[in-house]
Amino acid sequence: METGIGAPPARSRAAAANGEGSARGAPSAIAGQVCRGVLGAGMPVMPPVVETLAHGHSLLVWCAHLLLGGSVSLLLAALVRTRVGPMPLAGSVGALLGTWAERAVDAVFAVAFTAGQAAIAWFTATCLLAAADGAPPRPGAGGLPLALGILVVAVAVALSPLRFPAAVLRARPWGAGIVALGCVLWGSPGIPAAGAHSALAPPGLSPHGAQWLALAALFFAGVGWEVVTGVVPATAPGARGTALGVCLGIAGVAAVHLGLAAVQRFAGAAPAAPGPSPAPLRWTLAVATAVVLTSYCVTNVRTAARIASRLYPGGRRTTTQGPARALVAAVGAACCAFAWAGAGDGAVPLLLLGPAAAAVVGYALGAAAAVRRGGPVLRCAGVAILLVLGGVSVLTVCSLFGA
């Protein structure tokens, strides 16, 4: 996703305000926005995490995620096309279900962004430690100073007047994709052996439990499917054009994610790899990963603060002024607290459950709005998505607690 846990709710509003839907009736506008919304920090982070958890079933887990995420995107696009104006997911469900739904989505995304940045910081620290050691590092206190340092740098930049130019933000997903491809080709940070202590997998999970955790954590890479709530009403292409645009966007996202996953699965790092990559190459990939992911942390910290500011009375006015510095600092402190709590085996996927939970809540409310306000087809689709989201959530929780 464009900001690291997908496109946040605020991105949809920005896209509409910038006139990305000016070419009315063009499905390409929808497809492009879906790709920009979903593809982001998940590209370098998720392939090694899913491969570590799911092993030989990683491609199946990716396909299941893309099928579910694409279905959610199609449902939301059909729901908002003629019922609400261009606005983020929170505003859309608020318009259809009531203010409580809007505040619920904002609240879960504000908290989720902090956990998501902690996960990104731990993954970046893992990459840097792997570059130094030539092998996937053991988790623990050794990576904590690095993870906290990455977050401190990101929060300091977020508090500064520095703003990334629009050209940099447009180019960043391409940079993230290139870095991700390099990492899966040359095995950075590497796939730990089954049962090994690692920040990429918690201990004691059954193979099926690990696969359910991988599917749940993938919602981190899928935050952004909801971007259609901003672009579809703005472009107003009609039912057929809407479906075509979303399907093209799904195809683009699938090509990138499945391509990276396939390279990771068949040509990337594996426990039986003959040896580590040369040190200069390891450090080049690790530093490039750190730069790209830290930039996502910067924008995501600001986004989390902006979302949190909307929870206060009169907070909507901050969408143009930006959140208060004290709120940005508070969000940064929460990120560091999550990183501290995650100092152990499986820190990355467990922390990714924060943004995953937010996505599930937001998408479930969107599906509930379809059941309440949609026609017969939308209602059936909404019920189906609610059942699938509920099933994945229950099975993931059961796998984590050994039920």
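**Reading a helical model, one feature at a time**

Mentor: Let's start with serine 277, which is buried at a relative accessible area of 15%. Buried here means under 20%, exposed means over 50%, and partly exposed is in between (1.4 Å probe, protein chains only). The model is predicted, so local features need pLDDT of at least 70 and side-chain atom pairs count only at pLDDT 80 or more, while totals for chains, interfaces and linings use all residues. Residues are numbered from 1 along each chain as its sequence is written, and side-chain values use heavy atoms, with hydrogens and water left out.

Trainee: Where does serine 277 lie, and with which residues is serine 277 in contact?

Mentor: Serine 277 sits in the loop between α12 (238-266) and α13 (279-309). Helices are DSSP runs (H or I, at least four residues), as are strands (E, at least two), numbered from the N terminus. A contact needs heavy atoms within 4.5 Å. Setting aside neighbours within four places in sequence, serine 277 is in contact with Trp186 and Arg282. Its C-alpha atom is also 8.7 Å from that of serine 188, 89 residues apart along the chain.

Trainee: What joins serine 188 and proline 189?

Mentor: A cis peptide bond, with omega at about 5 degrees. Proline 189 belongs to the loop between α8 (166-186) and α9 (207-217).

Trainee: Let me step back to the whole chain. How many helices and strands does the protein have?

Mentor: There are 17 helices and 0 strands. Of the 403 residues in the protein, 55% are buried. For the contacts with a separation of 6 or more, 86% come from residues 24 or more positions apart.

Trainee: With which residues is methionine 46 in contact, leaving aside neighbours within four places in sequence?

Mentor: They are Trp62, Ala217, Leu218, Phe220, Ala221 and Leu352. In space, methionine 46 is 9.4 Å from alanine 180, C-alpha to C-alpha, although 134 residues separate the two in sequence.

Trainee: And what happens to the backbone just after α3?

Mentor: There, histidine 55 takes a positive phi of about 50 degrees, although this residue is not a glycine. Histidine 55 is in the loop between α3 (42-54) and α4 (58-80), and its relative accessible area of 31% makes it partly exposed.

Trainee: That brings us to α4. Is leucine 66 buried or exposed?

Mentor: Leucine 66, a residue of helix α4, is buried, with a relative accessible area of 6%. Not counting residues up to four places away in sequence, leucine 66 touches Trp225, Val253, Ala254, His257 and Leu258. For one of these, valine 253, the C-alpha atom is 8.2 Å from that of leucine 66, with the two residues 187 apart along the chain.

Trainee: Could we read valine 231 in that way too? Which helix holds valine 231?

Mentor: Valine 231 is in helix α11 (residues 228-235) and is buried, at 4% relative accessible area. Beyond its neighbours within four places in sequence, valine 231 is in contact with Ala29, Ile30 and Gln33. Its C-alpha lies 8.8 Å from that of alanine 77, a residue 154 positions away in sequence.

Trainee: What about arginine 172 and the ring of tyrosine 296?

Mentor: A charge sits over a ring if NZ of Lys or CZ of Arg is within 6 Å of the ring centre and within 35 degrees of the ring normal. Arginine 172 lies over the face of tyrosine 296, 3.9 Å from the ring centre.

Trainee: Finally, how many cavities of 30 Å³ or more are there?

Mentor: A cavity is a set of points on a 1 Å grid where a 1.4 Å probe fits but cannot get out, and lining residues have an atom within 4 Å of a point. Grid points are joined across faces, edges and corners, and the volume is the space filled by probe spheres set on them. The count is 1 cavity of 30 Å³ or more, and the largest cavity has a volume of about 40 Å³.

Trainee: Which residues line the largest cavity?

Mentor: Trp122, Thr126, Leu129, Pro137, Arg138, Pro139, Gly143 and Ala199 form its lining. By class, that lining has 5 nonpolar, 2 polar and 1 charged residues. Here Ala, Val, Leu, Ile, Met, Phe, Trp, Tyr, Cys and Pro count as nonpolar, Asp, Glu, Lys and Arg as charged, and the others, Gly among them, as polar.

Key: On a 1 Å grid over the protein atoms alone, a cavity is a set of points where a 1.4 Å probe fits but cannot get out, and a pocket is an open set with protein on both sides within 12 Å along at least five of seven lines; lining residues have an atom within 4 Å of a point.
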